[in-house]
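Hi,

Here's the structure I promised to pass on to you. Have a look at it first, then read my notes below with it open beside you.

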Amino acid sequence: MMRIGFLLVSAALALSACAGSQQSTIAPDGKPLPKVYRIGSGDASKIQFRMLDSVNSLRQASGAAPLQLDAQLNAAAATHSRDMSVQNRPWHFGSDGSSPIERVRRVGYTGQLKGENISETYETELETLAAWMEEPSTRIVILDKTATQMGFSYFQESNGKIWWTLVTGAQAGGSLQLASN
């Protein structure tokens, strides 16, 4: 009997030694430590449709019609996300001086640009959307009742930083909204 007890205690000690020390996931300020959100090479369409579904849920709750994902607006958003990374700053103008209006025209979009949201972050697309909804200037782009189409894309640097761009448009007239977070 003593032998079995000794074996059980030895096994428990051996297992606890294998566990090692776990790093804390809480920062000194009590908030969770940030994690790098790594996007896989085949995740682009999943991310775009997850964002579209989330935006449309918010729009539905506010009484706005759903948006449709537009390939040309996606292309304009992708181009701008990569360009912001090259410039290392989140802003609405390209390294060539191009405006959001010029970028959507370059990709062949024939509708009217309604707005653009941009972000430089390590957060997921849904965390970024939540941050955009907190700010009136970016929330208005998402909830614009005259918008009918959306483009959404990103560029992730090797260090994990993500440059997000959301572009809205419509086939009919309206005013332009530019916002960043």
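**What I found inside**

Let's start with Leu-166: leaving out residues up to four places away in sequence, it touches Met-51, Val-55, Gly-115, Glu-116, Asn-117, Trp-132, Val-141, Met-150, Gly-151 and Phe-152. Keep in mind that this is a predicted model.

Leu-166 also shows up in the largest nonpolar core, which has 18 residues. Along with Met-51, Val-55, Trp-132, Met-150, Phe-152 and Trp-164, it is one of those touching the most other members. Where does this core come from? At least two residues each are supplied by α2, α5 (125-134), α6, β3 (149-156) and β4 (162-170). The biggest share is from α2, which gives 4 residues. There's another core lying apart from this one, made of 7 residues, including Leu-73, Ala-77, Tyr-109 and Val-167.

Now zoom in on helix α2 (residues 44-62), where you'll find Leu-52. Is Leu-52 buried or exposed? It counts as buried, because its relative accessibility is 8% and the cut-off for buried is under 20%. Skipping residues up to four places away in sequence, Leu-52 touches Leu-67, Gln-68, Leu-69 and Met-150. Take Leu-69: it is 17 residues from Leu-52 in sequence, yet their C-alpha atoms are 7.0 Å apart in space.

Last stop, helix α6 (residues 136-143): its buried residues are Thr-138, Val-141 and Ile-142. These cover an arc of only 95 degrees around the axis, so they sit on the same side of α6.

Cheers

Terms used. Residues numbered from 1 in each chain as written. Predicted model: local features only at pLDDT ≥ 70, side-chain atom pairs only at ≥ 80, totals over all residues. Heavy atoms only, no water. Buried < 20%, exposed > 50% of the residue type's maximum accessible area, 1.4 Å probe, protein only. Arc of directions from axis to C-beta. Contact = heavy atoms within 4.5 Å. Core = buried A, V, L, I, M, F, W, Y, C linked by side-chain atoms within 4.5 Å.
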